[in-house]
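Reader: I am new to this structure. Please take me through one part of it closely.

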Amino acid sequence: MTESTANELQGTAEAPVRGAKRFWKSLEEVEGGETFEQFLAREYPSQSHVFQDPPQRREFMKLMGASLALAGVTAACTRQPKETIYAYAKNPETTLPGKPMYFATTMPWAAGAIGLVVESHEGRPTKIEGNELHSGSLGATDAMTQATVLGLYDNQRSQTITERGTIKTWNDFAASLKAALGEQSAAQGAGLRILTGAVVSPTLAGQIQQVLAVFPKARWVVWEPVNRDNARRGAMQAFGRDVQVLPDFAKASVVLSLEADFLSGPEGVRNTKAFAKRRKVRGGGVVDMNRLYVAESAPSITGASADHHLPLRSSEIDAFARKVARALGVKNVTGADGADARMDKFAQAVAKDLAAHKGASLVVAGSGQPPHVHALAHAMNAALGNVGKTLVHVAPAEFQPAGHAEGLQQLVQEMNSGAVQLLLVSETNPVYTAPAELDFAGALAKVKLRAHHGLYQDETAMGCDWHVNAAHFLESWSDGRAADGTLSIVQPLILPLYNGKTAHDLFALMLDKGTMSAYDLVREQWQKQLGADGFEAKWRRVLHDGVLANSQGSAIAAELQNLQLPAVAAPSMELTFTPDPSIHDGRFALNGWLQELPKPLTKLTWDNVAQISPATAERLGVKSGDVVELEAGGRKITAPAWIQPGQADDSVQIALGFGRKRAGSFATDLGSNAYALRTTAGAWAVGGLSVRNTGEKHVLASTQGHDRLDVTPEGIPIAARRDDVLRVGTIDRFRQAPDAHYMTAEESARHGEGHGEHETSIYAKHARGEYAWGMVIDLNACTACNACVVACQSENNIPVVGKKEILRGREMHWIRIDRYFDGERERPKIHVQPIPCMQCENAPCETVCPVAATAHGPEGLNEMTYNRCVGTRYCANNCPYKVRRFNFFLYSDYSTESLKLGRNPDVTVRSRGVMEKCTYCVQRINRARLSAHKQNRKVQDGEIVTACQQVCPADAITFGNVDEPTSQVAALKREPHNYGLLAELNTFPRTTFLGKVTNPNPELEPSA
Amino acid sequence: MSQSTHHGDPDALIGPGHTMATLTDKISGIVLTQKHPLQWFAITGIAAIFASLLGLTVLNLFFTGIGVWGPNNPVGWGFDIINFVWWIGIGHAGTLISAILLLLKQEWRTSINRSAEAMTVFAVMCAGMYPLLHTGRPWLAYWLLPIPNTMGMWPQFRSPLIWDVFAVSTYATVSMLFWYVGLIPDFAVLRDKATKKVQKVVYGMLALGWRNAARHWDRYETAYLLLAGMSTPLVLSVHTVVSFDFAAGIIPGWHTTVFPPYFVAGAIFAGFAMVLTLSIPLRIWYGVDDLITDKHLDNMAKVLLATGWIVTYGYAVEAFMCFYSGSTYEEFMLLNRLKGPYWFQYWSLLLTNCLLPQIMWIPKLRRNIWALYFVAMSVNIGMWLERYIIIVVSLHRDFLPSSWGMYAGSRWDWAMFLGTLGFFTTAFMLFVRFLPMISIAEMKALVPHKPGLTTGGRGAAAHH
């Protein structure tokens, strides 16, 4: 990295930075020389158990000599010199210690990209926010993106280059690669194969194309286990060409999802932003609320958000889609004749509703559905006239969008035949994720020279000769293309902590451009993009904004071809695969925040399970926690069963990403490896599943034990408290009676707001300060995507406690998302409710604290003074909302140096024996109040954004001054469906909820 | 073993044939002799092992954190506060017997008050340990005390835990004083009877120069009476304040106005059960059934029965109010006790605290040490369960079903509980060994006097 590259770091929220300080992470940076790095890696061996040859004595003396020589240069000789965090001797221009700066960057996210603005404290990225200008983010992010900041500082990341476990240098690798490429150049690269994850970087794609130009017989294969192969082939069937559907849920009044979980995954943020716009009920319900129908085998957060949810086996959705298509008048729909009581009525009603909303409806098919279902969806959208209105067709964001599975299959054949002599694997983990029948690891062993480039010494790294440790995206220069084609820059926030290399470095080496840095390469690419004329100004604008304005791809006009549907497959007991809601395909397995993140609908942590419907479980004699053997296609795995209300009968779902063989200290052998049952043909669902109870038990750690609001497992009725907890009603009823009681049939006076009715208290009322902070959470918008939970964890330095402590009920999340099942267990309605601290005006916690560690602030916050807390836990007992969290042990990691860099310096790291809780991000409030004070003005509405609010893709959370009548939060509190949780306790919660309003189809659910 | 080794008046408070001299010899002999029953060594040995376990658990707690216990998110308190309340409840009988029964001129208290007071002191020690140790940062627990400090911070006086600090520390101080003042004339007896130098010196110092002078007696009686007067409200206040820990809370099952009287009655109930638990074996091993007579047992059984009914009434009122209040949470709280996951504990509570003590209606069983011991142990367990129900079962399912959870004591919880039992037993055994377990001075008042002199307890003596 050169001086100039570091100088290119651009601020967004703050004034642009010129001449920023030069970041350096080791003396090797300053002094140069590979031997020192080698010594360091050996001195701090994170992978010591894979060492093959211990250093010789002479080697040791040599290295010691080098280090001693360096020790003479400066006193510092540790990997993270303490000096760098001392006060600047000479303050770099525009930096003010203690004042964060914000830089725009991009996270490549599977086959897309999400634009970010990252908070940086003295050169250390600490918090990730969305970039409002980026189409994949629109200001919000998802849970996984939030957690990548922990991934950056993960000390289990690969820290060196190795050759079969021995630490080597980049030069060693370069020499080895050169030699192999030299052999290949004679054969025009016939034995060279490049295997990457999805590539969305124009620069990288350009580099790979150049490599392929030099080696014309080489081949580039892309493998992502969670890919759009089905969607691609569906588009080919429908249009004869590959197009990507870009839906706009804000424009759709009626949406049918054919097992498409469009609210989660890499596109989830963008879709949630749009979808939530049509779910928010304001002004007494005078809103054009959309209606969502979801047919799926396992409940997803999309299904939980649906007005009508139809559990069907994944393999039955085909038949259901045909019925809807037939009813909509789509031509050439075969196989829709058989009567099926479960789906006929639903299909008819859906079709009628869709037909009534031509041009304002949307049919989306899930990536797990076979290609012809995607084709059916295309045909339905065409028949409904939705194309160009609620959706457009664009080119896929991914470069090299060929079929992943076919490509990998061919590659394995070539590897087995011995045709491949040199294989470069970058940022993908096929040894773990490849379809089971391919035996990728076996084929890999037949390749002469195998090199792996990635963040971790993972399963694939183990199978390769060389491993090159990759730089994290927060350490890299690159670029990316979002789903809609928007181009953006990946800008480093910090120099590589472990001297990792980017993929650009790797391909530059192959192209003999080893001297060009990733920065040079990206600039070179963007010079083509932006033009040489006035490039510098434009480049700086792109860096500052993070995105190139108006760079989204244009709509493709695709001509629909005649449908040719295969025969409907006879359904059988099936197993479906899904990316895990927390760790996706396994790439985030080493992220403690995500492992401990309760999955939205099961609330399970640290595990994956075989989800089984209540009826099927009863038939199989299986209970939650029983270890079952799943056998399909002659392959077997064992996994703990989990009875999931809303799961389709005879369909078992298991999440990918677990059961890894090489994933650091806590993710190795955690959970069950679903990839072991996954084949090319059965990538998302395999039929003929047999489930056998092994009789063993597995303890599962769920953060929510009870999920009903009507009755306890012992049969004790609790329905009477329902309205105090969760208010749900229909839009029709709400329009008729837009008051707080719209959700109940009987309007009982007991469940009044309570406010103003019994204001008697033996204690004096708290004086009202200059501001009165409050929050409103819209239950109708919330999808339980979990982004707020991780955002809060990142913002507030919340520790990870581990599975054992979760089992003891000691999770630490300051905001949790409660989930309830309502109605029959087979087809329940699913409700979710985020619960941060309610910041009660009459707070039960405050009066019982013996040492005044939790006290009422002048602005209405229940402030928590960690230093004063002695840990009696009385406050937690007396909290009716149970939002307080206690450090039963020393949960915060006080020893891992790298993790300390990622903490928010504005928030105390709590030690053992101290209570903690949500404080509406008081550090953000203080920062805004200070800056307002300096400018001699009041804090403006919207100036303070809490971490949970900022990240929320549904904009479900609103925060502000409730005493200011014109504030957004005050306006929402005036909404008729605003209610306080357990308000009858007279706690006067400052956090209130907008009740949930659904929009059921009267044909399917006659209103009560 | 026969039910009674003495014959004659079944209601006698002292065995026949006792004179001032025999009393002195008998009671001081227990302390001054070298011969102790084998049981003493066995019990003390075992108890000391458990007392060491207490030390180990405390060390582990300090070094690791209270996570070694069972509390969790909905259930923030567990064995720590259960045992605190249980021990402090046990500590109630001492003061009740010493102070209230003294003021009410109940002569039968004299032979049991000393050991009951000792029991109180040791039980309060065990109880007092928990509020300190249960904090997350016990090294800062002194912040609960109103000590002027550079932080300029006082405790938060609205918190019932602060009231606890005052109530318990006052109670501990007064109980100790009361016990010690009562011991002074007996220390003088031991000093005079002692044959060994060490005993003479130690007991001599503890006797504070007591010479049996009339002036001494006069001041002693005044001081004792004053202390009794001071202690009497404490009997009511301590457990009332302890009950505020819960009653001032918002949790269904805690937020109950019946708690203060019901806690006080429960404490006396528990205390008498523990007095019986301790005095029955002592009576056998030391052959003092002529001093702790069947009449004593009979009376204690009656107190047990009476307070048991108050406690039962408390349960009944609690249950009634759950429905009468119309609060769905209160109603659920009761149903959850009856049918929820902790039904076994609740039904066991009703059995041990309400049902089993009813056998005390039968006069014969009130004097049968086996029946008494059985009931006493039943109440010991029942009162522990009562606190378990109040704390764990109320907290584990409160308002939001999402945050419901379960609680179970960990190994360390049990170890610490056994540790305090060991500490208590060790301390009590040492008391039996080194201090007169029955008040010599007071017992003398029960010895039949020459005709013309009043017989009676201390009340009579005060008229001198």
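Reader: Which residue stands opposite A:Met775 in β38(A)?

Author: A:Thr991 in β38(A) stands opposite A:Met775. First, some ground rules. This is a predicted model: local features need pLDDT of at least 70, side-chain atom pairs count only at pLDDT 80 or more, and totals for chains, interfaces and linings use all residues. Residues are numbered from 1 along each chain as its sequence is written, while chains are lettered from A and ligands numbered from 1 in the order in which they are written.

Now the strands. Strand β29 of chain A covers residues 773-778, and strand β38 of chain A covers residues 991-994. They pair in the parallel sense over 4 bridges. Strands (E, at least two residues) and helices (H or I, at least four) are DSSP runs, numbered from the N terminus. Two strands pair if DSSP finds at least two bridges between them. Strands of a sheet pair through backbone hydrogen bonds, either parallel or antiparallel.

Next, the sheet. It is open, with 4 strands and mixed pairing. The order is β36-β29-β38-β37 in chain A. β36 (957-961) and β37 (978-980) of chain A stand at the edges. Each has a single partner strand, so one side of each is left without a neighbour in the sheet. From one strand to the next, the twist averages 30°. Angles run from 0 to 180 degrees between N-to-C directions, and axes are lines fitted to C-alpha atoms, for helices over the stretch in contact.

Where does this sit in the chain? Domain 4 of chain A spans 719-743 + 771-998. The other domains of chain A are domain 1 (161-209 + 415-430 + 442-528), domain 2 (229-394) and domain 3 (574-702). These bounds come from an automatic or database domain assignment.

Two loop residues also deserve a look. A:Asp439 has a positive phi of about 45°, although it is not a glycine. Its place is in the loop between α15 (430-433) and α16 (440-444) of chain A. A:Asp650 also has a positive phi, near 60°, and is a residue other than glycine. A:Asp650 is found in the loop between β23 (635-643) and β24 (651-655) of chain A.

Their surroundings come last. A:Asp439 is partly exposed, with 14 other C-beta atoms within 10 Å. A:Asp650 counts as buried, with 21 C-beta neighbours inside 10 Å. A residue is buried if 20 or more other C-beta atoms lie within 10 Å of its own, exposed if 12 or fewer, and partly exposed in between; C-beta atoms are placed from the backbone.
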